Amino acid sequence: MTAPVQLAEVRKVYGTGPSAVTALGGVSYSFTEGTFTAVMGPSGSGKSTLLHCAAGLDEPTAGEVHLTGIPLHGLNETALTELRREHVAFVFQAFNLMPALTVRQNVVLPMTLAGRFPDQAWVSEVIQRVGLGDRTRHRPGELSGGQQQRVAIARALAGRAAITFADEPTGALDTQTALEVLTLLRDQARAAGQTIVMVTHDPVAASYADNVVFLVDGQIVSESPAPTAESVAAELAKLSRLKVTT
Ligand SMILES: Nc1ncnc2c1ncn2[C@@H]1O[C@H](COP(=O)(O)OP(=O)(O)OP(=O)(O)O)[C@@H](O)[C@H]1O
Ligand SMILES: [Mg+2]
């Protein structure tokens with residue numbers, strides 16, 4: 001079976017000449033169907049770049065990305081947009097909510113744009129589960145940062161995309177809401193077979209995933225299947241020592 005997200009020797013270099021920065025130094029990895037993977041690593045290690053390249057939002061300098069078995073390098077912008085609309089959802093650090101639309105309208109927007117009919121009961125459930133049940137008619141400007149983040153999470157989950165990328169989705173949330181969101185992500189991978197890739201700095205958040213991959217200086221340096229908060233924290237401590245001494 002083809003993995004929904006495959007990266008082969010993906011390199012990403014920003015800029016040229018002496019100021020060039022190698023954000024990804026040749027990453028190969030397959031995110032398998034129905035798995036929830038956490039991506040961890042120090043600030044600047046290439047986590048967001050990995051997500052952007054994997055999602056076809058940023059073009060690798062070298063290497064190949066396949067999404068749902070389709071090679072992205074062969075696609076023009078229109079075909080790429082179509083592919084993303086059909087199969088991919090995002091939660092990014094900038095939430096990209098539409099200020100003129102209500103919470104519920106924002107949540108169903110990607111489906112509307114893709115010409116699909118939202119499952120209204122599921123949309124309501126997702127909005128409830130992220131704790132915005134009493135806010136559906138509010139606009140983003142009337143919400144706190146954490147609440148806006150929850151709208152972005154609901155929007156990503158409402159369409160049951162085959163692949164979901166989330167960049168620190170629980171970063172601005174209180175513990176209780178964060179746990180609810182992480183449970184929701186885990187359930188979607190387990191029950192609905194969605195492939196979920198989440199960047200996080202938090203070992204507790206990572207412990208909800210099926211697998212953790214650790215990035216250091218643009219390279220995957222280790223993996224932690226069946227992670228616990230303790231095992232993830234220990235691995236991070238080990239990697240930070242490794243980084244200092246090399
Ligand atoms: N558009 C860009 N132009 C130039 N350099 C960039 C650009 N985007 C990222 N970089 C550089 O690439 C490297 C990896 O950045 P990236 O954003 O992927 O890190 P990250 O692991 O997501 O960090 P953080 O945890 O702080 O979000 C960094 O050195 C960063 O400065
Ligand atoms: Mg980042």
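The paragraphs below lead through the sheets, the core, the ligand shell and a few backbone details of this structure.

This is a predicted model, in which local features need pLDDT of at least 70 and side-chain atom pairs count only at pLDDT 80 or more, while totals for chains, interfaces and linings use all residues. Residues are numbered from 1 along each chain as its sequence is written, and chains are lettered from A and ligands numbered from 1 in the order in which they are written. Helices (H or I, at least four residues) and strands (E, at least two) are DSSP runs, numbered from the N terminus.

Two strands are said to pair if DSSP finds at least two bridges between them, and strands of a sheet pair through backbone hydrogen bonds, either parallel or antiparallel.

Within this sheet, S6 and S7 run parallel and are joined by 4 bridges, with Val88 standing opposite Ile163 in S7. Strand S7 (residues 163–167) in turn runs parallel to strand S8 (residues 195–199), to which 5 bridges join it; here Ile163 stands opposite Thr195 in S8, and Ala166 has Met198 as its bridge partner. A residue counts as buried if 20 or more other C-beta atoms lie within 10 Å of its own, as exposed if 12 or fewer do, and as partly exposed in between, with C-beta atoms placed from the backbone. For S7, 5 of the 5 residues are buried, so this strand is largely enclosed by the rest of the structure. In a regular strand the side chains alternate between the two faces of the sheet. In S7 both faces are covered, with Ile163, Phe165 and Asp167 buried on one side and Thr164 and Ala166 buried on the other.

A nonpolar core is a set of buried Ala, Val, Leu, Ile, Met, Phe, Trp, Tyr and Cys residues joined through C-beta atoms within 7 Å. The largest such core has 63 residues, of which Val39, Ala54, Ala154, Val197 and Met198 touch the most other members. Helix H5 (residues 145–158) gives the most to this core, with 7 residues. Leaving aside neighbours within four places in sequence, Ala54 is in contact (C-beta atoms, placed from the backbone, within 7 Å) with Val5, Leu7, Val65, Phe165 and Val197.

Most residues other than glycine have a negative phi, and most peptide bonds are trans. Ala226, in the loop between S10 and helix H8 (229–245), also has a positive phi, of about 50°, and with 10 C-beta neighbours inside 10 Å it counts as exposed.

A further open sheet has 4 strands in the order S2-S1-S4-S5, with antiparallel pairing. Strand S2 (21–31) and strand S5 (70–71) stand at its edges with a single partner strand each, so one side of each is left without a neighbour in the sheet. Strand S4 (residues 62–67) pairs with S5 over 2 bridges, and Leu67 stands opposite Ile70. In the loop between S4 and S5 lies Thr68, whose phi is positive, near 50°, and which counts as partly exposed with 17 C-beta neighbours inside 10 Å.

Ligand 1 is surrounded by Tyr14, Gly15, Val21, Ala23, Gly41, Ser43, Gly44, Ser45, Gly46, Lys47, Ser48 and Thr49, a residue being near a molecule or strand if its C-beta atom, placed from the backbone, lies within 6 Å of it. S2 and helix H1 (47–54) each supply at least two residues of this shell, and H1 gives the largest share, 3 residues. By class, the shell has 3 nonpolar, 8 polar and 1 charged residues, where Ala, Val, Leu, Ile, Met, Phe, Trp, Tyr, Cys and Pro count as nonpolar, Asp, Glu, Lys and Arg as charged, and the others, Gly among them, as polar.

How values were computed
Two residues are in contact if their C-beta atoms, placed from the backbone, lie within 7 Å.
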